[in-house]
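Please keep the sequence and the structure in view while I talk.

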Amino acid sequence: METQEFISRSHLDAATLNVWIDEEWLIPRASGSARQFSDADLARALLIRDLKLDLGVNDEGVAIILHLLDQLHGLRSLVRDIHAIETTDRARDSG
């Protein structure tokens, strides 16, 4: 989705969105001169908004939480890859 739709769906203002992009809390894809946001970006923006507004987490806390979530996501992906390799190896060994 493009920036205007993202702003509308996330209930952010453009200035806040730009700060979050500068902080690298959100990293949209560049498509020509436009920014493109995914549904995952939207979910992340809503999480950041909830952390800041509903839970009162400061910017440093948000950065730490996002870093930990990114690590968790990376580890889950790694475990999935390892599981796929083990499954393939078992199928090959039994076949």
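Let me start with a question: in which helix does Ala63 lie? Ala63 lies in helix H4, where helices are DSSP runs of H or I with at least four residues, strands are runs of E with at least two, and both are numbered from the N terminus.

Before going on, a word on what we are looking at: this is a predicted model, in which local features need pLDDT of at least 70 and side-chain atom pairs count only at pLDDT 80 or more, while totals for chains, interfaces and linings use all residues. Residues are numbered from 1 along each chain as its sequence is written, and side-chain values use heavy atoms, with hydrogens and water left out.

Back to Ala63, which has a relative accessible area of 34% and is therefore partly exposed; buried means under 20% relative accessible area, exposed means over 50%, and partly exposed is in between, with a 1.4 Å probe and protein chains only. Ala63 and Ile48 are 15 residues apart along the chain, and their C-alpha atoms are separated by 9.4 Å.

That brings us to the helix pairs. Two packed helices are described by the angle between their axes and the distance between the axes. For helix H3 and helix H4, the latter covering residues 59-94, the axes come within 10 Å and cross at roughly 140°; here axes are lines fitted to C-alpha atoms, for helices over the stretch in contact, and angles run from 0 to 180 degrees between N-to-C directions. H3 and H4 are therefore oblique to each other, given that angles under 35 degrees count as roughly parallel, over 145 as roughly antiparallel, 65 to 115 as roughly perpendicular and the rest as oblique. The crossing of H3 past H4 is right-handed, a crossing being right-handed if the near helix is turned clockwise from the far one by less than a right angle, and left-handed if anticlockwise. On the H3 side the contact, meaning heavy atoms within 4.5 Å, is made by Arg44, Leu47, Ile48, Leu51 and Lys52, and on the H4 side by Asp59, Val62, Ile65, Leu66, Leu69 and Asp70. These residues divide into seven nonpolar, no polar and four charged, where Ala, Val, Leu, Ile, Met, Phe, Trp, Tyr, Cys and Pro count as nonpolar, Asp, Glu, Lys and Arg as charged, and the others, Gly among them, as polar.

The second pair is helix H1, residues 3-10, with helix H3, residues 39-54, and these pack at an angle of about 40° with their axes 10 Å apart. That angle makes H1 oblique to H3, and the crossing of H1 and H3 is right-handed. From H1 the contact takes in Phe6, Arg9 and Ser10, and from H3 it takes in Asp39, Asp41, Leu42, Ala45, Leu46 and Arg49. In this contact of H1 with H3 we have four nonpolar, one polar and four charged residues.

Staying with H1, which of its residues are buried? They are Phe6, Ile7 and Ser10, and because they cover an arc of only 100° around the axis, they sit on the same side of H1, the arc being that of the directions from the helix axis to the C-beta atoms. What covers these buried residues of H1 includes helix H2 (14-22) and H3.

Now to the loops. Most residues other than glycine have a negative phi, and most peptide bonds are trans. His11, in the loop between H1 and H2, has a positive phi of about 60° although it is not a glycine, and His11 is exposed, with a relative accessible area of 59%. Glu24, in the loop between H2 and E1, likewise is not a glycine and has a positive phi of about 65°; at 57% relative accessibility, Glu24 counts as exposed.

Finally, Ser33 lies in the loop between strand E1 (29-31) and strand E2 (34-36), and it counts as exposed at 84% relative accessibility. Ser33 and Leu51 are 18 residues apart in sequence and 30 Å apart in space, C-alpha to C-alpha.
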